[in-house]
Amino acid sequence: GEHIERNDPAHIAFIDLHHFEAYNAAYGFEFGDAMLKTLAGLIRSILVDVEDGAIFVSHLSEDRFLLAFHSDPRLRLQRLVQAFVEVRDQFFNAMDRAAGAYASVDGGGNRRVLPLSTVRALLIPKALLRVCTAGDLYEMERRMHDASRIESGSTDADAAGLIIEPLSTTTIARRRSA
């Protein structure tokens, strides 16, 4: 709130784990907590405890974080997303790692097969200049999240913000050939 009142031109990043609730259901809260602690450690080492790192960090809920930056964090966010992919195998059994997916049962008793967990960062450049309240900021995030029907593994930008997800092998091959 203080940053909004001061018209701070901070860049805001929302970071979340895909399918975290399903992961907890499949592997248990102990493993879910370990995954979350690993993500928090990566956030700290890549985004916070670095020169020109985050000026504000908040754990919003289960698997969501909000960070504010004075300098453009785009490259660091990409590094975070890829760093999580590099360590996530420790949270899955060999069969799920080989399949690249795991099964989970939702609250309604329905079995779902989901891809291995990934991290997504949603960056809103100079977001605090475009909002009047924290509620406005969360609404902006929700609209971007709802509108982000993008192909997994892509990095798309628009006037409102940027969504950073893990690069797939297809995306890497496409970029190399370009």
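## Basis

The model is predicted: local features need pLDDT of at least 70, side-chain atom pairs count only at pLDDT 80 or more, and totals for chains, interfaces and linings use all residues. Residues are numbered from 1 along each chain as its sequence is written, and side-chain values use heavy atoms, without hydrogens and water.

Helix H3 spans residues 29–48. Helices (H or I, at least four residues) and strands (E, at least two) are DSSP runs, numbered from the N terminus. Buried in H3 are Gly32, Met35, Leu36, Leu39, Leu42, Ile43, Ile46 and Leu47. Down the axis of H3 these residues fall within an arc of 120°, so they line one face; the arc is that of the directions from the helix axis to the C-beta atoms. Exposed Glu30, Lys37 and Arg44 sit on the face turned away. Buried means under 20% relative accessible area, exposed over 50%, partly exposed in between (1.4 Å probe, protein chains only).

The buried residues of H3 pack against several elements, including H2 (20–27), H4 (74–87) and S3 (64–69). Contact means heavy atoms within 4.5 Å.

## Strand S3

S3 is mostly covered, with five of its six residues buried. S1 pairs with S3 in the antiparallel sense over six bridges; strands pair if DSSP finds at least two bridges between them. Ala13 has Leu67 of S3 as its bridge partner.

S2 and S3 also run antiparallel, joined by five bridges. Here Phe56 stands opposite Ala68 in S3. A hairpin of two residues links S2 to S3.
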